[in-house]
Every structure is written in C-alpha cells, then in structure tokens.
Amino acid sequence: MTLQFPIREYAKFLPRKVADDIPFSKSQVPSLLDLFSLTKDSPQGQDMIDVINQCEFPPNKGETKACPTSLESMLEFVHSVIGSETNYSTHSTSHPTPSGARLQNYTVLDISKDIYAPKWVACHPRPYPYALYYCHYLDIGSKIFKVLLKGEDGDIMNALGICHLDTSDMNPNHFIFDLLGMKPGDAPLCHFFPVKHILWVPRPPVSTPVATM
C-alpha cells in the first residue's frame, strides 16, 4: 500500500477556564480574527473559519459529535458516549521519527484481532489558535484494529485502522467517496488514523472465574 504518515504540529490545550471564556461561533468570527491578529484570507484565518463551520455543521445521521477545547471537556464527551463509570483505553498510530514517515510503499506485516469497541470516540486535532479537537462517534457499525506496516525505507508503523461497515447514511459529498470512486452504501469504508489522532474505547470487561464443584 502507498501511504504517508506526516506529523503536523497543533496548539496545546489552554486551561479550561480560559478556553471557555473565548467565544466560538460563526457570528463571532470577525472578533476572533481580531483577537488572534489574523485576516480572513490568511491560511490561519481560513483554518479558523473552516474549523468553526465544521463544528457548527449539524451531525450526520448516526453521528454524535463535539469540539472540546480542553482535556476536561474532551473527557466529559467521552463519558457521555461510552459511559461515566467505564474505564478507558486510548489508541493511536505510532510514528518512528519526529518528522513522520514520507510517502512510500508499505508491506502489511500483521493485522491484530479486532479491538474491543462496542462504542468509541475518535478525536481529531484541528488547526486552530489553541487546542481544539473534533470528537465524534458513528453508530453505523465499525471494526477497529492495528496494522503493522514496514516501509521501503525500513520504517515500522503500528497504524490504527477503522472500518465503517454501513456507509449508506454518510455524506455523499465527502471527498473520500470521490477519491475511492464509490457511493454511500456501496461497501465498508476503511481508513488509518493520522499521527496524533486519538481513539477512546472502553476496556474489555474482566471475566469472573466460574467456581467449580
């Protein structure tokens, strides 16, 4: 497979009280541009507008989403989806070098068993003046797994993969359908997580030993 795993730098979380005091809506874009000394036509200004639009756009059918700006608000969203009494694990794609892995051919060395994930939350960092994640859960049936890859230059990647099994209600205008030459509902849709993107899953229940007579 021809793949690349670039590493993009993102801003760090602000204290929750500070982040919560900063307005976040399309109506506040002019004042936000002024606050961060950006112009709407600059790359950073366009990123800001795109992120706000993405966060305010209604969720797709079967999607639950949020755009947390602090670790506390991220955990609150995870709790709301998976359950507040649940213990969690996080998964991500590893990277062998600080600069990431260039575009190259990879050989699949191993595919893990499915990761236990009756529910999950994927959190994708977005380009914004301070840390902001697009977190969501898609209730359309999914399989999650790790794929061990070896690149032509010797890089070993332990990549996190997910397959969305029922794509019939996904947005038909999503770029991925044009890229793959398919339509919603044609087939499952699988992809790897980029580096620094996080997946939260519940830990598997511990089985209780059965007493024997």
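The legends below accompany close-up views of a predicted model.

**View 1. Confidence of the prediction along the protein chain.** The protein chain of this predicted model has an average pLDDT of 92, and 96% of the residues score at least 70. Among the elements of the chain, β5 has the highest mean pLDDT (98), whereas helix α5, residues 175-180, has the lowest (86).

**View 2. Helix α4 and the elements that cover its buried residues.** The 12 residues of helix α4 (residues 71-82) should span 16 Å at 1.5 Å a residue, and this agrees with the end C-alpha atoms, which are 16 Å apart. Buried in α4 are Ser73, Met74, Phe77, Val78, Val81 and Ile82. Seen down the axis of α4, these buried residues fall within an arc of 155 degrees, and therefore they line one face of the helix. In an α-helix there are 3.6 residues a turn, so residues three or four places apart point the same way. The cover over the buried residues of α4 includes α1 (16-20), β2 (63-66), β3 (88-91), β5 (121-125), β6 and β10 (198-202). Just after α4 comes Gly83, which takes a positive phi of about 125 degrees.

View 3. The side chains of His136 and His124 make a polar contact at 3.4 Å. Not counting residues up to four places away in sequence, the residues that His136 touches are Glu63, Thr64, Lys65, Phe77, Trp120, Val121, Ala122 and His124; of these, Phe77 is among the buried residues of α4.

**View 4. Lys146, a buried lysine in strand β7.** Lys146 has its place in strand β7 (residues 142-151) and is buried, with a relative accessible area of 18%. Leaving aside residues up to four places away in sequence, Lys146 touches His91, Ser92, Asp110, Ile111, Ser112, Ile115, Asn158, Ala159 and Leu160. Lys146 and Ser31 are 115 residues apart in sequence, and their C-alpha atoms are 43 Å apart in space.

View 5. Most residues other than glycine have a negative phi.

Conventions:
Residues are numbered from 1 along each chain as its sequence is written. This is a predicted model: local features need pLDDT of at least 70, side-chain atom pairs count only at pLDDT 80 or more; totals for chains, interfaces and linings use all residues. Side-chain values use heavy atoms; hydrogens and water are left out. A polar contact is a pair of N or O atoms within 3.5 Å; within protein, one must be able to donate a hydrogen and the other to accept it, and residues adjacent in sequence count only if both atoms are side-chain atoms. Contact means heavy atoms within 4.5 Å. Helices (H or I, at least four residues) and strands (E, at least two) are DSSP runs, numbered from the N terminus. Buried means under 20% relative accessible area, exposed over 50%, partly exposed in between (1.4 Å probe, protein chains only). The expected span of a helix is 1.5 Å times one less than its number of residues. The arc is that of the directions from the helix axis to the C-beta atoms. pLDDT is the predictor's confidence in each residue, from 0 to 100.
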